Amino acid sequence: MTGNTKQGSGSASRLFLLRHAKAGWALPGMRDFDRPLDATGHADAEALGAAMREEGYVPDITLCSGAVRARQTLEGIAGQADTGRVIFCEKLYSEDAAGYLALIQQNAASGSILVIGHNPMMEDLASAISGDGEPEAQAVLGAGFPTSGLAVIAFRGGLANAAPGAGYLEAFHAPARG
């Protein structure tokens, strides 16, 4: 598979794995689940949405954690780009990488899926399912999965084939920080 696999070519489907944008620390008495994005997180989510629009990344569905920071990340992206049909999945807050993969496989009839979730699950899943990829993207992923990081992984024959080692890491977008 080449790194230039485009959605709509009929030969591959894309999985977009997005770690939620940067959140503030929990205030006293606040549950981790309820942590909101900080100012950097809001700006990064909007910038990522603009980048997704520019790259032509349009998921058919978005599976989004119910955590406040994930929902706010989705809002920032949706203000800039098409996110397809949105399904909130509480399991994305607590599942491990295998649980994330199971949710993706359950929704494999979609041509492409955006998953907005949490680390370490995002990093573990992206590393496990990317059997090969663009060298630059692999190097960025190898350095860790930052907040607002987006892994773009293609699968031949559709997302039903999403499995360890089966994907091709086309790109990895990380926020520019100065």
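Me: What should I know about the numbering and the model?
Reply: Residues are numbered from 1 along each chain as its sequence is written, and side-chain values use heavy atoms, with hydrogens and water left out. The model is predicted, so local features need pLDDT of at least 70 and side-chain atom pairs count only at pLDDT 80 or more, while totals for chains, interfaces and linings use all residues.

Me: Why is helix 1 called oblique to helix 2?
Reply: The axes of helix 1 (residues 39–55) and helix 2 (residues 68–78) cross at roughly 45 degrees and come within 7 Å. That angle makes helix 1 oblique to helix 2. Angles under 35 degrees count as roughly parallel, over 145 as roughly antiparallel, 65 to 115 as roughly perpendicular, and the rest as oblique. The crossing is right-handed.

Me: Which residues of helix 1 and helix 2 meet?
Reply: H42, A45, E46, L48, G49 and M52 in helix 1 meet Q72, T73, G76 and I77 in helix 2 (contact means heavy atoms within 4.5 Å). By class, this contact has four nonpolar, five polar and one charged residues.

Me: What makes R69 buried?
Reply: Buried means under 20% relative accessible area, exposed over 50%, and partly exposed in between, with a 1.4 Å probe and protein chains only. R69 has a relative accessible area of 5%, so R69 is buried. Other buried residues of helix 2 include A70, L74 and I77. The buried residues of helix 2 pack against strand 1 (12–19), helix 1 and strand 2 (61–65), among others.

Me: Which residues are linked with R69 in a network of salt bridges?
Reply: D32, R35 and R69 are linked in a network. R35 and D32 also meet in a salt bridge, at 2.8 Å, N to O.

Me: How do you know whether R35 and D32 are buried or partly exposed?
Reply: R35 has 13% relative accessibility and therefore counts as buried. D32, at 32%, counts as partly exposed.

Me: How many salt bridges does a search of the whole structure find?
Reply: The search finds five. One of these is K22 with D38, the closest N and O atoms being 3.0 Å apart. K22 and D38 are both in the loop between strand 1 and helix 1, 16 residues apart. K22 counts as partly exposed because its relative accessibility is 33%.

Me: Where is the residue S148, and why is it called buried?
Reply: S148 is in the loop between helix 6 (135–142) and strand 6 (150–156). Its relative accessible area is 4%, so S148 is buried. S148 has a positive phi of about 65 degrees although it is not a glycine.

Me: What kind of peptide bond joins N119 and P120?
Reply: The bond is cis, with omega about 10 degrees. P120 is in the loop between strand 4 and helix 5 (121–129).

Technical notes: Axes are lines fitted to C-alpha atoms, for helices over the stretch in contact, and angles run from 0 to 180 degrees between N-to-C directions. Helices (H or I, at least four residues) and strands (E, at least two) are DSSP runs, numbered from the N terminus. A crossing is left-handed if the near helix is turned anticlockwise from the far one by less than a right angle, and right-handed if clockwise. Ala, Val, Leu, Ile, Met, Phe, Trp, Tyr, Cys and Pro count as nonpolar, Asp, Glu, Lys and Arg as charged, and the others, Gly among them, as polar. A salt bridge is a side-chain nitrogen of Lys or Arg within 4 Å of a carboxyl oxygen of Asp or Glu.
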